[in-house]
Amino acid sequence: MSTTATLASSTPAQDDPSFIPRGPVDASIVFYHPPPDGSKPFYYVETPPPGEPQQNYSEAPHSVSLTDIRNHESDFTLDKDAFQTLQHLPPSRADPSFTDDANIKAVYYPEVEDLILTHVPGAQRVFIFDHTVRRNKPAAHRTPVTRAHVDQTPASAEARVRLHLPDEADTLLRSRYRIINVWRPLNGPVQEMPLAFASATSVEQGDLVPVEHRYPDRTGETAAVRFNPGQKWYYWSGMGEGERLLLKCSDSGEGVVGRRVPHTAFVDPRTPVGARGRESIEVRCLVFG
Ligand code: OGA
Ligand code: FE
C-alpha cells in the first residue's frame, strides 16, 4: 500500500493550473437571513451614514447542488427560465482591456443592443443604462458578487423606466418591458468564481425579499433570496469570450412563466491552485416589446 500514490491521485486536477471544473457540483451559496427585529431590510451601496450599519440583515451559506448546463444550452429560455445562452459570437470591437468606460459605451453597448434585437423574441427597442466590469483580483474596483440576488424588483424596474426615459415612461409602461443583463467573461474560459443561477420556474415569489438599495442620491430596490430546497440551481462551465448569458431581472409581460432569475458567483471547490481570476462585464438593458 502506498499512501503517497493515494494522496497524489486524489487531487490531480487541482495541481493543474489550466484545469476547468465541469459537471455537477455541490457548492456553498449565500442566502438571505431576515433582520431579527422584523424591520425592512436595507443595504448601503457606499459608506453608510454615521451610526448606521452597512446592512441590517444577515446572510447564511447553504450547500446547493448545481447542474452544469454545458451541452444542454437549448433546454433553457428567457420566457420559461428567465435565463438564456448565446454562443459562437464574434469578438467585440471594443478595446480588449475593457478599462475605458467611454469606449465600452461607444463600442460595446451597440453590440449588446444588436444582440438583443437579433436574439430576444419580441424586442423592439433597447436602452442600456449601466454596466459593471468585475475582476477577481486584489484592488479591483468591483469583484464578483457572492450573495444570491435579483438586481431589480418589479417596483424598481418601473422606477428605472421613469428615471431614464421620463418623457416616454407613461406610454412605455403600458406595454411589455424587461430588464435583461448581458454577462460575458473578459478572460475566458471561466476557471473560478463562475455564476450560478436558479431557473425562474423553481423560485417561489416568497423566496424573494425586497431590499432597499441605498445609494448616496437615491434608493433603489433589489431582491435578496431565501433558500428553498425546491430551487433548481445551474451554472455554465468554462464560459468563453464568444458566449453570453442573458439574465432577466424583470418582465412585465402578461402570462410570462419566468420573470426573474436569482444569481450569484460561487466558489467552485474544484478550482485549481493558480487559477486565473475571473474577469467579466455585465451590461444592464431595458428591453421594450
Ligand atoms: C449580474 C451579477 C455578479 C458577478 O450580472 O447581475 O450579479 O459576480 N453578476 O458577475
Ligand atoms: Fe446581479
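Predicted model: local features only at pLDDT ≥ 70, side-chain atom pairs only at ≥ 80, totals over all residues.

Visitor: Which side chains have polar atoms close to an oxygen atom of ligand 1?

Guide: Histidine 149 places a polar side-chain atom 2.9 Å from a ligand 1 oxygen. For arginine 278, a side-chain N or O atom is 2.8 Å from an oxygen of ligand 1. As for cover, the protein takes up 100% of the 290 Å² of accessible area that ligand 1 has on its own.

Visitor: What makes up the shell around ligand 1, by class?

Guide: Six nonpolar, three polar and five charged residues. Of these 14 residues, the ones that come nearest are Val145, His149, Asn181, Trp183 and Arg278.

Visitor: Now the metal. Which residues coordinate the iron ion?

Guide: For a metal, look for the donor atoms first. The iron ion (ligand 2) is coordinated at 2.1 Å by His149 (NE2), Asp151 (OD) and His263 (NE2). Along the chain, the donors follow the spacing H-x1-D-x111-H.

Visitor: Why does histidine 149 count as buried?

Guide: Buried means under 20% relative accessible area. Histidine 149 counts as buried because its relative accessibility is 14%. Aspartate 151, at 9%, therefore counts as buried too.

Note on methods: Residues numbered from 1 in each chain as written. Chains lettered and ligands numbered in written order. Heavy atoms only, no water. Near = heavy atom within 4 Å. Polar contact = N/O pair within 3.5 Å; in protein donor to acceptor, adjacent residues only side chain to side chain. Areas by Shrake-Rupley, 256 points an atom, 1.4 Å probe, with all protein chains shown as cover. Nonpolar A, V, L, I, M, F, W, Y, C, P; charged D, E, K, R; others polar. Donors = N, O, S within 2.8 Å, 3.2 Å for Na, K, Ca; no water. Buried < 20%, exposed > 50% of the residue type's maximum accessible area, 1.4 Å probe, protein only.
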